[in-house]
Structures are given as structure tokens and as C-alpha cells.
Amino acid sequence: MKRSAVLGLALTLLGAAACGDTPEPPSKPPPKEPPIVVPPPRFDVVEPGEDKPGGDTSVARSGPTAFTQPAANLSLARRSEFFVGESVFEADWVPAPGAQPERDGLGPVFHSVSCLACHLGNGRGRPPEENEVADTLLVRLSVPGTGPHGEPVPEPTYGDQLQPRGVRQVPAEGQARMTWKDLPGTFADGEPYTLREPQLELTNLAHGPMSPDTRTSARVAQPMVGLGLLAAIPNETLVEWADPDDTNKDGVSGRVNRVWNQRRGHVTLGRFGWKANQPDLEHQNAAAFLGDLGLTTSLFPQENCPPAQAACQAAPNGGTPEVSERQRLALDLYSHLVAVPTREGVDAPQVLQGKGVFHRVGCAKCHRPSVTTGTLEGYPELSGQRIWPYSDLLLHDLGEGLADGREDFLATGREWRTAPLWGLGRTQTVSGHTSLLHDGRARTPMEAILWHDGEARSAKEAVRALPKAEREALLAFLGSL
């Protein structure tokens, strides 16, 4: 081959290589990037806004009046209306006819003379001592079955609640007493504890024995703080939180109750009451007026007199209704706007340690720490607030030990609404006792934990297994709420 031809062939090959026509040797794969590790959330730190459980409504107040303050962000006009509602809440009502018609109509059978008589200091009611006649504890009554809207069926002779008092010639229905049975136990480290189990006895029944299949449920009043903020949590949020089939397999389900809404004439979501059996504060207040004081309202205009009680039906009333619209609406506003007090010691090392324990053992699965409220019509002060109620407002099965066997709409006899924990540490100062749970059987927060079972069993057992220092830190955290 001629030299020129060889040179041309070489140039051609070089050109092909330059143009990328010849394959390049395989390159090495890029090095694998290390996986992104997301650190677990820390709960032993103070979170923004945690010291103000009620958001901008929170009030820095301690002592016996900590649960009686108006929301901090009220206008002057709204504060004035708040105090009108407070006067209705605190008023002592009298039988009709009375010297003050705006305060008469009590009974004919009733439990207390005022709202404040059961909500001690706007806080919790207390159970009776051994064989003491119940004062701030009431007893729900029902028989098997459901009413036309899914509600419990009242006991035929005594109605849906035992009334321990009557006006003038109207006999009281009966009295409730409690005795207590000690239940000993031990923590995993051997430290002993004792729970007390209530034994309810109904005596002095004025109209003969109750139906043999009567179901009873003893209840104490719940704190009044932050109720409007709970009302402002969107329904959609509660439905989103619910996990009735436990799809995430964490052992905790949580269900919404569906209850009859008298104002709207159909079933709506329930969120107030020990079994979430009231849809809103309007119904909660009107039901308490009727059931506890025997006072009729525009929402519930019929006297609370079962057919078998002739003297009750014949007694004079205080008008129709006995509670004026002005009084009813003022009380509704008041109950929406009682402030949650700010927390103290939120950054104390033992409190933060206890907060971490609270989350680690699983308490926060039901006692959800925080949420942002939606828009509540008529209450701009409560809307759009990040709040810390430590509740999901859902129904949970807490086991046979706490069961009352009494259904209430969709709530079973073993289910209870998650009680909000804000203000928990002020119970002694405000109400003069530390009794907790629906019937006041727990004398301390630790006893309340140890009564939990059912969906809360794993959390309870985790607490029992804690070393003493962590148990004390947990109690320090709860006491700071």
C-alpha cells in the first residue's frame, strides 16, 4: 500500500475516534450516596407556644381563681358579656314561684342549685367519701335499648338521672353512696401501689325499686376551661384522627361519636361529655340546665318529670321556658370563653424528661398534644389558635375495669372520650382535691394511668415498667399542665 493511502486511512480512523464513533470503555457506576437518616423527633424540648396551651386566649393566673378568667384576647364588650354569663353560671336558682322570677323554676327534682355547685372553682367535681351522700357526683340511668335517635333509654320510673333533691312537697328520687374496695398492685421495680374500686349504692328510692336491668354510671363534673377552643377544632380533623379499624396496627383505634342534634334535627358529630354524647356547648349547657337543675330552655322545653312521679308533674314551674334566651345565650358565650391558664415550669429539666417519657410510652396516641383550631362562627377569638389540650376528643375502649356497661349513641359500655389534660396540675388548688376519671376513683394522675386498659393497656404497662425516676418525671410533666 502506498504511503499516502496508509496516511489517509490513519486520518480517517483518527477522525472517527474524535467524532465519538468508536465505543468508549465502560465507566464505573457512580458511588452510592449514603441514605438520608431522619432523626426521630425530640419531645424533651420546649416547643413554640407550649407555655400558652390556649394560644392567644391563655391567661397567666394561678391560685384558686385560675379557672375563672375570661380569654385574654376579648374586647371590652365581649368581656362584659362574659361576666353576664358568669353570673348565670354562679347563680343559685330557687323553686317557683320565687321572689325573683328570673331565678325561679328550680326542679321539681334536681341535683344542684347552681352550675358552680358541681364544677368546683370551675374545675372538677369530687366523688363522695366512704358512705357520704353524693354531692357533686351524679348517676346516669338507662335500660337496654336505644331511643328514636340512638340515645339511651331512660329508666321508666326515675328517668335518665337520679335526682337526690326535690322542691317543697316533691320527694327526692333517692340518694347515691359509694364504698371503696382496695386493689393492690406493684410496679416492675417492686414498689407497691393501691387502686380503689368504687361500689355504688342507690338508697332511699322514693318510687320503689328500679327496673332490674337498670344500667348506672356515676359521673363527676369536668373542668370548664378551654371548652370553646375544643369546639373550634374542625370536625374534619377529628374524623381524620379516628382509626376505627386500627389500620396502622398500633393497637389504638379511636372513634367519633354520632349524636342527635336537637337544634338541627339530625345526627351530627359529638365531642362534649364523658362519652362525647353532646354535639356542642349549646346542647351541653341546655342538657345540664334540665338534668342537673330541672330548668327548661328553648332547646329542651319539657320538664324533667317521669310519668310515674305525680307530685313532680303537679309542681308549679317558673315559666316556659324557665331560662330566658338572654340567660341561655350568655351562659353559652361564657362557657366558650373561659381561659386556659398558662403553664409554669414548662422548661424545668424534670418536666422535659417527663414529657419525653409521656411520648415514649404512648400516652400521646390518644392524648394528642396540640392542634390548630378552625373558624368557629361567632367566636373570632378562638379561631386559628394553636392549642395544647392533650386530647383527640375521640372514643377509646379503656377496658373492663373502667367500663360502665352503658351505651350512649355509638359509644359502647367500655368507651370513653379522651379527657383533655390541660389544667391537670391545678386540680388541687382550684377544686380542693385531686380525684380523676369519670367517677373520681383515681386519687392521683398515676392511679388514673394504672386504671387504663383496653387500647391503653400497652401504655399503662410501659409506665408500670418505668424506673422510679422516670415515673416521677412523668408525674412532674403532668403536674405542669
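This is a predicted model: local features need pLDDT of at least 70, side-chain atom pairs count only at pLDDT 80 or more; totals for chains, interfaces and linings use all residues.
Colleague: How much space lies in the second largest cavity?
Modeller: About 50 Å³. A cavity is a set of points on a 1 Å grid over the protein atoms alone where a 1.4 Å probe fits but cannot get out. Volume is the space filled by probe spheres set on the points, joined across faces, edges and corners.

Colleague: Which residues line the second largest cavity?
Modeller: Among them are Ser 142, Val 143, Gly 145, Thr 146, Arg 215, Glu 407 and Asp 408. Lining residues have an atom within 4 Å of a point. E2 gives the most, with 4 residues.

Colleague: And by class?
Modeller: This lining has 3 nonpolar, 4 polar and 4 charged residues. Ala, Val, Leu, Ile, Met, Phe, Trp, Tyr, Cys and Pro count as nonpolar, Asp, Glu, Lys and Arg as charged, the others, Gly among them, as polar.

Colleague: How many cavities does the search of the whole structure find?
Modeller: There are 2 of 30 Å³ or more.

Colleague: New topic. In what order do the 3 strands of the open sheet come?
Modeller: E3-E2-E7, with antiparallel pairing. Strands (E, at least two residues) and helices (H or I, at least four) are DSSP runs, numbered from the N terminus. Two strands pair if DSSP finds at least two bridges between them.

Colleague: Why is one side of E3 and E7 left without a neighbour in the sheet?
Modeller: Strand E3 (152–153) and strand E7 (215–220) stand at the edges, so each has a single partner strand.

Colleague: How many bridges join E2 to E7?
Modeller: 6, with E2 spanning residues 137–146. Leu 137 has Val 220 of E7 as its bridge partner.

Colleague: Now pockets. How much space lies in the second largest pocket?
Modeller: About 720 Å³. A pocket is an open set with protein on both sides within 12 Å along at least five of seven lines. 26 residues line this pocket, and Ala 231, Arg 264, Pro 279, Asp 280 and Leu 376 lie nearest its centre.

Colleague: Which elements give two or more residues there?
Modeller: E9, H5 and helix H7 (325–337). H7 provides the largest share, 4 residues. By class, the lining of this pocket has 11 nonpolar, 7 polar and 8 charged residues.

Colleague: Where does Gln 278 lie?
Modeller: In the loop between strand E9 (266–270) and helix H5 (281–293). Gln 278 is buried, at 14% relative accessible area; the cut-off is under 20%, with over 50% exposed and partly exposed in between (1.4 Å probe, protein chains only).

Colleague: Last one. What pLDDT does the chain average?
Modeller: 93, and 92% of the residues score at least 70. pLDDT is the predictor's confidence in each residue, from 0 to 100.

Notes: Residues are numbered from 1 along each chain as its sequence is written. Side-chain values use heavy atoms; hydrogens and water are left out.
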